[in-house]
Amino acid sequence: MRLALWIAARHLWRGRNRYARLINWMTLAGLGVGVLVLTVVVSVMNGFDAELRSRILGTVPHALLPVSLGVDAQTAAGLPGVAAAYPFFQASGMVVGAGGVAPVAVYGIDAADAGRLAAIDTHMLFGRLDEALAAPTGLVMGRPLARRLGLVEGDPLRLALPQVDGGRVQPRFKTFRLQGLFEVGAEFDYAMVVVSRAAFDDGEMQRLGADGIRVVLDDPLAAGEFATMVAASGDGAEAAAEIETWMQNYGELFLAVRIEKALMFLILLLIVAVAGFNIVSSQTMVIDSKRADIAVLRSLGATGTLVQRVFLVQGVLVATLGIVSGLILGVAAANHIGPIFAVLETWLGLRLLDGSYFETVPSQVLPADLALIGGLSWLLCLLSAWIPARRAARQNPVEGLHA
């Protein structure tokens, strides 16, 4: 193997066929660029996925246990995998403001538990969440929604909630005062309000929406398993149907993100594969130019295995250098994607993130993704290098000596 490595390196850096050497270096560059682009795109998609999870799963209940299950907050907090549990009310309604009407999701919590709604509490632009909910008539909403309705801090507004009465659905109006504004950077900024549970009595909460225990899980992705566990200790399938998890409303969104990431990975991996398959053409050219040398080696006693190893190692060297350089540059670019993206926007004269919830391009480099990219790319290149190397080992040395 040491001899094969020495001969392969000599051919790669000191070969007489300059055109073949150029193709090898172009192959290396193509592999590097392909792996770089794949690394950056996958890392950016990881970043968007992580941001969506943080903003959405930090706002919506991971699981909501209805009062019909008979589970209180203290009991729920002691269940396996639960980080926190507290009384919670949610409903659908309409906000009536000076500038119009907007449909909203209504979240009701106690002022003492305001800090547990961390995604909103840490993104307050005006007022404090706990102080705003200290009064029964206090209400907090997203700044974009307040602008749409023409509301400013301190303005009165009405909240219409549907109530079933005698088989008919009638609106139930309650008056609040805008005491705080938040901006999470997600759809909740346009379609959610937070009020105090003290604004309703127990009967109202059960008639106007869903009253229960909001559960915050250590691992939000385990919400389905948590619902199954709670249901197993209750009335089985009937209890499971009453437990609402975030996956029921947002599971398809994150599934779509995962599918999009997988498709982008496969598409960009094809670019790496095309660059890798260039090894076949470059190595074939080298082998054709080295037919006489191969014949001399064989006549001096070199085995077909040694010849195959020489050209296999040469192809693998090109592939390894290209993949490693692509990964290094890709990680560097992914970690500095914000400034790079800002420069591109300046050059193009565009604001590509306008109209989205993001001010900068997020990025998250995962070691597992790097290992997958490097491993699959290397396997593709190994196959590409093996095909011409096997052909070289099967050449007839007699024909090479007469060439």
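The chain averages a pLDDT of 81, and 82% of its residues score at least 70; pLDDT is the predictor's confidence in each residue, on a scale from 0 to 100. This is a predicted model, in which local features need pLDDT of at least 70 and side-chain atom pairs count only at pLDDT 80 or more, while totals for chains, interfaces and linings use all residues. Residues are numbered from 1 along each chain as its sequence is written, and side-chain values use heavy atoms, with hydrogens and water left out.

Where pLDDT is low, the predicted coordinates should not be read in detail.

Let us begin with the overall picture. The chain has 16 helices and ten strands; these are DSSP runs numbered from the N terminus, with helices (H or I) of at least four residues and strands (E) of at least two. Of the 403 residues, 43% are buried. Here buried means under 20% relative accessible area, exposed means over 50%, and partly exposed lies in between (1.4 Å probe, protein chains only). The chain exposes about 20,200 Å², and carbon and sulfur atoms supply 61% of that area; the areas come from the Shrake-Rupley method with a 1.4 Å probe, and for residues only the protein chains shown count as cover. Among contacts between residues at least 6 apart in sequence, 79% join residues at least 24 apart, where contact means heavy atoms within 4.5 Å.

Now for the rings. The structure holds four aromatic pairs. Rings of Phe, Tyr and Trp (its six-membered ring) pair if their centres lie within 6.5 Å; planes under 30 degrees apart count as stacked, over 60 as edge-to-face and the rest as tilted.

Another pair joins Phe188 and Tyr250: the ring centres are 6.1 Å apart and the planes stand at 55°, so the pair is tilted. Because Phe188 lies in helix H7 (residues 188-191) and Tyr250 in helix H11 (residues 246-289), the pair ties together parts that are 62 residues apart in sequence. Phe188 is buried, with 5% relative accessible area, and Tyr250 counts as buried at 14%.

Arg214 lies over the face of Phe88, at 5.0 Å from the ring centre. The charged end of Arg158 sits over the ring of Phe173, 4.5 Å from the centre of that ring. A charge sits over a ring if NZ of Lys or CZ of Arg is within 6 Å of the ring centre and within 35 degrees of the ring normal.

Helix H9 (residues 223-232) shows how a helix can have two sides. Its buried residues are Ala223, Phe226, Ala227, Val230 and Ala231. Seen down the axis of H9, these fall within an arc of 135°, so they line one face of the helix; the arc is that of the directions from the helix axis to the C-beta atoms. The face of H9 turned away from the buried side carries the exposed residues Glu225, Thr228 and Ala232.

Gln163 is in strand E6 (residues 156-165) and counts as buried, at 15% relative accessibility. Leaving out residues up to four places away in sequence, Gln163 touches Arg168, Val169, Gln170, Arg172, Arg207 and Leu208. Val216 has its place in strand E9 (residues 210-217), and its C-alpha atom is separated by 9.2 Å from that of Leu64, 152 residues away along the chain.

Val33, in helix H2 (residues 18-57), is exposed, with a relative accessible area of 53%. The C-alpha atoms of Val33 and Val272 are separated by 8.3 Å, though these residues are 239 apart along the chain. Ser281 lies in helix H11 and is partly exposed, at 35%. Between the C-alpha atoms of Ser281 and Ile23, 258 residues apart along the chain, the separation is 8.3 Å.
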